[in-house]
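This report goes through one protein model region by region. Please keep the sequence and the 3D view open while reading.

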Amino acid sequence: MKDIGGVRARTATAFLALSAAGLTFQCLEFMLEELKEDFSMTSNETVVLSQVSFGSCLLVVFLVGALADRVGDRLVLMVSSGIFCFGASLFAVAPNDKALIVGQAVCGIGTIAMAIIGLSILNKNYSDPSQRAKAFGLFAVITPVVAVVSPLFASLIIAHLGWRSVTATWIVLGLAVFFLAKNSLPKSNDRSERIELLTPTLAGIALTGIALTFSFLEIDVDSSAHSPAALISFVVGAMALILLVGSLRRIPMPTLDFRSLRPRGALPVVMALFVVNGVNFFFYTFLMLQYRYHQTLLETAVFLIAPNITATFGAVAGGRLTARWGSAQVALYSLLAASFFSLTALAVSADSSAWLPVAVLCIVAFPIGAGVGPVTQTFMELAPADGAASASAFRNSSVNLGGAIGGLLVGAVIFSKIDASTAQNIETYQKQADAFHLAGYICVVAYFIAAMLIVLYTKRHRDLTLLAV
């Protein structure tokens, strides 16, 4: 590549950074059973582990956005990829479940930092609306593509080398992001402005306290214990929130950048991002294949190829339609379709074959994939030119907080119902089918609420073209 600092190089850097979070989460899903056995964890503790990065990474979400907007994407992305590699190393050598959670938490901090910078680069890289829509469509492709490749790769490694060897892939990815960022992103020359870091740090601590409170409460409920961790997290989060409010009033020019939230309708879009990330139809189907149909990791990975390909086509279609109709309109129709098609989960019965829940997921995956890019673009378009990273921080905080709270609570409920019994009889199969129906109902409600929030956004923006196709 002759022009290493050109549009294509920066886009490649952004996509690779954005792929890190998807890769670690997808691989982790296929490691859960091995981790559960090795560390004698309960079902809910396993779900907490899978969701812990969503909460812990919120600690730096606003700090990363503020630093990137002031010292440049290049330096922050290089540091973030280093943190990611360090967390992956901790995860690989973890001697117990507590060390495992610490490693996953550090990984989460690195992944969200890379995701914030990656989205910021993408937003800055394309000023033309049509090109930007297609770029965000490709952004939505990342998740299903990673979901096809990483589970197959991870399941093969786990089968032959064990789960600890999977983290070598994470480290290689982190190093690739580091060197690509070093060579493709421009150095920032504007470092004269003094950076106030108190307000973004307090905001991150407050959100982390809220998210981890739910995580520790879930562990306490599952184990019937009364650990002080949940109370400590809540108190720390509440104190940080109080201090944040006081700091914002006393500091003349706080670093925490709220400009992307000030336009009319911005808050409903953020809430929509929170809601849709509180549910995960792919994860619920994964659980069904593992616990109802007793598929091996490799077999499960193969089963999920088809719905991920469907989601990829949906993401590409979403980008192309956005270039023609606008992001808000495509987001609305995609969310409504996802809500309606989630009802197909009711078709799964006690004696259904394993292909039926996969077919249901294929149907739902298309509108889900089509909606990812437009919803994200709808919010990122509200960002000022010099505040893209801060806007990305708010976007990722909504996504991760939704995953930490909604994903944890809903995932734990579905997991506990599907994994309630190891007996292979019609009564157990019916209970597991009922759990999948519940997952469908929850997705119907979540996607419909998100669609109505997009309607609220468009009304506040007085977008009269929303329903005129």
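Which residues are buried in H4? They are Val61, Phe62, Leu63, Val64, Gly65, Ala66, Ala68 and Val71.

## The model and its conventions

The model is predicted, so local features need pLDDT of at least 70 and side-chain atom pairs count only at pLDDT 80 or more, while totals for chains, interfaces and linings use all residues. Residues are numbered from 1 along each chain as its sequence is written, and side-chain values use heavy atoms, with hydrogens and water left out.

## Helix H4

Helix H4 covers residues 61-71 and is mostly covered, with eight of its 11 residues buried. Buried means under 20% relative accessible area, exposed means over 50%, and partly exposed lies in between (1.4 Å probe, protein chains only). Helices (H or I, at least four residues) and strands (E, at least two) are DSSP runs, numbered from the N terminus. Just after H4, Gly72 has a positive phi of about 105°.

## The nonpolar core

The largest nonpolar core has 132 residues. Such a core is a set of buried Ala, Val, Leu, Ile, Met, Phe, Trp, Tyr and Cys residues joined through side-chain atoms within 4.5 Å. Met31, Leu35, Leu77, Trp170, Phe281 and Phe379 touch the most other members.

Leu77 is in contact (heavy atoms within 4.5 Å) with residues including Thr13, Met114, Val177 and Leu185, when neighbours within four places in sequence are left aside. Thr13 sits in helix H1 (residues 7-29) and is buried, at 1% relative accessibility. Besides Leu77, Thr13 touches Leu180, Ala181, Ser184 and Leu185, not counting residues up to four places away in sequence.

## Helices H11 and H16

Two packed helices are described by the angle between their axes and the distance between the axes. For H11 and helix H16 (residues 355-380), the axes come within 9 Å and cross at roughly 145°. Axes are lines fitted to C-alpha atoms, for helices over the stretch in contact, and angles run from 0 to 180 degrees between N-to-C directions. From H11, the contact is made by Ala266, Val269, Val270 and Leu273; from H16, by Val375, Thr376, Thr378 and Phe379. By class, this contact has six nonpolar, two polar and no charged residues. Ala, Val, Leu, Ile, Met, Phe, Trp, Tyr, Cys and Pro count as nonpolar, Asp, Glu, Lys and Arg as charged, and the others, Gly among them, as polar.

Leu261 is in the loop between helix H10 (229-250) and helix H11 (266-276). With a relative accessible area of 25%, Leu261 is partly exposed. Leaving aside neighbours within four places in sequence, Leu261 is in contact with Ala266, Val270, Phe379 and Phe394.

## The salt bridge

How many salt bridges does a search of the whole structure find? It finds one. A salt bridge is a side-chain nitrogen of Lys or Arg within 4 Å of a carboxyl oxygen of Asp or Glu. Here the side chains of Lys431 and Glu427 meet, at 3.9 Å from N to O.

Lys431 and Glu427 are separated by about one helical turn because they are four residues apart in helix H18 (residues 426-460). Glu427 counts as exposed, at 53% relative accessibility.

## A positive phi at His294

Most residues other than glycine have a negative phi. His294 has a positive value, near 55°. His294 is in the loop between helix H12 (281-292) and helix H13 (297-303) and is partly exposed, with a relative accessible area of 40%.
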